[in-house]
Amino acid sequence: YSSGPPAPAPSYGGPPRPSPPASYSSSAAQEQSSASLVSRVGSMNLEPSTQGTLKPYSPFHPEQDCEVLRKAMKGFGTDEKAIVGVLGHRTATQRQEIKLQFKTMFGKDLIKELKSELSGKFEDLVLALMKSPREYDAFELRHAMKGIGTDESVLIEILCTRTNAEIKAVKEQFKKDFGRNLEKDVESETSGHFRRLLISMLQGNRDESARVDRARAAQEARDLYKAGEARLGTDESKFNQILASRSFPQLRAIFEEYGKICKYDIEKSIVREMSGDLKSGMLAIVKCVRDKSGYFAEKIYKSMKGLGTDDSTLVRCVVTRSEVDMVQIKQHFVHHYREPLAKWIEGDTSGNYKRLLLALVGESR
C-alpha cells in the first residue's frame with residue numbers, strides 16, 4: 001500500500017510517498033546540532049518504490065474506445081476480444097472517462113450494456129474494472145457482509161492494507177452507494193478483539209510520517225514482548241494499539257528491536273499468541289509493513305493453489321494492484337513460487353477471462 005500530511009490517494013497503493021527531507025525538519029543545521037535527537041530519531045525511511053503493469057494508454061481517445069465497445073456489443077453476438085483490447089489496456093481513470101463518454105455519445109449506460117452482453121467470470125472481471133477504486137472497495141466490503149455470514153478475509157484484505165486517505169474515501173463511498181455506515185456494519189458483523197482491530201483500522205488515523213524514533217521502537221518492542229511471550233495469556237489490546245497506529249517505518253524498527261529480545265520473530269509470536277481472524281488481521285498488517293507486494297503475491301498464489309480457483313480473490317487482487325505494484329508482485333511470484341504469475345493464470349483460467357487477466361498483469365497474449 002510516508003510522511004504527513006499525505007496527499008489523497010486516487011488508487012490503491014502503499015503508504016503515501018514521503019516529502020523531501022527538508023519538509024519534516026526545520027533545517028538541516030538543526031538536525032546536525034542535536035546529537036541526542038540524531039541518536040534517538042532515525043533518518044527518513046522511504047517506502048520502496050513500486051510500479052504497476054497497467055499504465056495510462058496513449059494516445060487516449062475515449063470517443064474511439066466507445067465506438068469500439070459499441071460495435072463489439074451491437075447486433076448478434078459479442079466481440080469479447082475487442083472488449084479486452086480496450087478495457088485491459090486503460091487505467092481506472094481512463095475507464096471512468098470511457099463510461100461517461102459512452103453515455104454522452106449513445107444515451108446508454110455502459111455498465112448495463114456490458115451486463116446484458118457478458119456472463120460468468122469474464123463479466124465479473126469486466127464489471128470490477130468499470131468501478132472506480134473507491135467504488136470497488138465499497139462494493140467488495142458490502143458483498144462480504146451482505147446476507148448470511150461474513151467473509152472476514154475480504155474485510156482484512158481491504159481494511160488492513162489501505163492508506164488513511166483510501167479508508168476515508170471508502171467510508172464515504174459506502175454511505176453514498178448503500179446508504180449505510182461502514183463502521184456500524186463492521187461492528188455488527190464481527191466481534192471481540194478482531195472487531196476492535198477493524199474499528200481501529202476504520203479510523204484512517206495511522207501515523208503516516210517517515211520519522212523513526214529508535215528509543216520508542218525499543219520500548220514498544222519490549223511492550224509487545226511483555227504483552228505476549230513474557231506472560232501467561234495475551235494482552236491483545238497492546239498489540240492492537242501499536243499495530244494499528246504506528247507508521248510503517250516505525251513498525252519496521254519495532255519489529256527489528258523485537259527480534260533482539262525474543263527468540264521468535266514478530267510473525268511467529270502472533271501465530272503463537274493469537275488465533276482465528278484476529279491472528280489473520282494482525283499478520284496481514286505485519287506482512288504489509290514488511291512487503292506489501294509480497295502480501296498480495298501470497299494472496300494471488302493461494303487463490304490459485306490446489307484444486308479449484310478462488311476467482312473473487314484473484315480478480316480483486318489483480319484489479320486493485322495492476323496500477324500500483326504488479327511489477328513487484330510478479331517479481332515476488334517468480335522468486336518465491338519459482339514460476340511466472342502468467343503461467344499460473346494460464347493454467348487456472350481460460351478464454352477471454354484469461355486474456356483480460358493477462359492483459360492487466362502486462363502479459364497480453
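User: Which helix gives the most to the lining of the largest pocket?

Analyst: This is a predicted model, in which local features need pLDDT of at least 70, side-chain atom pairs count only at pLDDT 80 or more, and totals for chains, interfaces and linings use all residues. Residues are numbered from 1 along each chain as its sequence is written, and side-chain values use heavy atoms, with hydrogens and water left out. Helices are DSSP runs of H or I with at least four residues, numbered from the N terminus. At least two lining residues come from each of α6, α7, α8 and α18, and the top contributor, with 5 residues, is α8.

User: Of the residues that line the largest pocket, which are the closest to its centre?

Analyst: The largest pocket holds about 410 Å³ of space. Its lining has 20 residues, and the closest to the centre are Asp124, Tyr136, Phe139, Glu140 and His143.

User: What is the relative accessible area of Phe248?

Analyst: Phe248 belongs to helix α15, residues 248-261. Its C-alpha atom is separated by 9.1 Å from that of Val286, 38 residues apart along the chain. Phe248 is buried, and its relative accessible area is 9%.

Methods:
Buried means under 20% relative accessible area, exposed over 50%, partly exposed in between (1.4 Å probe, protein chains only). On a 1 Å grid over the protein atoms alone, a cavity is a set of points where a 1.4 Å probe fits but cannot get out, and a pocket is an open set with protein on both sides within 12 Å along at least five of seven lines; lining residues have an atom within 4 Å of a point. Grid points are joined across faces, edges and corners, and a volume is the space filled by probe spheres set on the points.
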